[in-house]
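Subject: Structure for your review

Dear colleague,

Please find below the structure that I promised to hand over.

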Amino acid sequence: DGLTVEVAEGELFGLVGPDGAGKSTTLRMLATIMLPTHGSGRAMGLDLAADAEAIKRRIGYMPQRFSLYGELSVLENLEFFADIFKVHGPERQERFRQLLDFSRLEPFASRLARDLSGGMKQKLAIACALVHTPDILFLDEPTTGLDPVSRVHVWEMLQKIKRERELTVLITTHYMDEADKLCDRIAIVDHGELKALDSPMKLKASIP
């Protein structure tokens, strides 16, 4: 509903709000999975409608319900997504090694995805979304339904991404503590409307 935001390159940006606020819909439009019925949007200077295929090649997207294949192992899931994004050549195996190390899933490379804990599934889903080294990573409520320890493990992985990679990250969440811990800036959204936009520190300071 007139939602207008701009996210800087290299920023970890949070869309925060209750269920039904429009967070996932916004993310799906930015990931070119849905077309806007009104308004317009751009990602990396490309138009969401006219340049959807070009945008898809340069983004990673993790939906709320993970896009993993339970009958495949951890490594096979990475291989599957690498095939989809045409990651071939000598760097392919090195990419797998880096992502397994990065997500701390190397000891579980041969385990079926369906047998992983919730936190491990989320970390694998993030690794799969990174397999083609995207410019933007979209994560839709990456820790919903996880126990507190698993949530912290996913937070640590996201903080590591921010620290070590030149990557723009958009996450949606309804956890205020998560947004506070992770995000450079937060847009608070309700019923599709932007209610507040600033850094976590400034937003907290603005409330008596």
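In this predicted model, Ala-113 has a relative accessible area of 2%, so it counts as buried, the cut-off being under 20%. Ala-113 is part of the loop that runs between H4 and H5. Leaving aside residues up to four places away in sequence, Ala-113 touches Tyr-69, Gly-70, Leu-72, Ser-73, Asn-77, Lys-121 and Leu-124. Glu-166 is 53 residues apart from Ala-113 along the chain, and the C-alpha atoms of the two are separated by 28 Å.

As general background, nonpolar side chains in soluble globular proteins tend to be buried together. The largest nonpolar core here has 42 residues, and the members that touch the most others are Leu-124, Ile-126, Leu-137 and Ile-161. Among the elements that give two or more residues to this core are strand S1 (12–16), helix H3 (74–84), helix H5 (118–129) and helix H6 (148–164). H5 contributes the most, namely seven residues. There is also a second, separate core of 16 residues, which includes Leu-30, Ala-31, Ile-59 and Phe-138.

The structure holds three aromatic pairs. In one of them, Tyr-69 and Phe-81 are 6.5 Å apart centre to centre with 45° between the planes, an arrangement described as tilted. This pair links distant parts of the chain: Tyr-69 lies in the loop between strand S4 (59–62) and H3, while Phe-81 lies in helix H3, 12 residues apart. The relative accessible area of Tyr-69 is 42%, so this residue is partly exposed, whereas Phe-81 counts as buried because its relative accessibility is 12%. Phe-81 also pairs with Phe-80: the ring centres are 5.6 Å apart and the planes stand at 90°, so this pair is edge-to-face. Phe-80 is partly exposed, at 32% relative accessible area. Through such ring pairs, Tyr-69, Phe-80 and Phe-81 are linked into a cluster.

Finally, which residues place a charge over a ring? The charged end of Arg-165 sits over the ring of Phe-102, 4.6 Å from its centre. Arg-151 lies over the face of Tyr-175, at 4.0 Å from the ring centre.

Yours sincerely,
A colleague

How values were computed: Residues numbered from 1 in each chain as written. Predicted model: local features only at pLDDT ≥ 70, side-chain atom pairs only at ≥ 80, totals over all residues. Heavy atoms only, no water. Core = buried A, V, L, I, M, F, W, Y, C linked by side-chain atoms within 4.5 Å. Buried < 20%, exposed > 50% of the residue type's maximum accessible area, 1.4 Å probe, protein only. Helix = DSSP H or I, 4+ residues; strand = E, 2+ residues; numbered from the N terminus. Contact = heavy atoms within 4.5 Å. Phe/Tyr/Trp six-rings, centres within 6.5 Å; stacked < 30°, edge-to-face > 60°. Lys NZ or Arg CZ within 6 Å of the ring centre and 35° of its normal.
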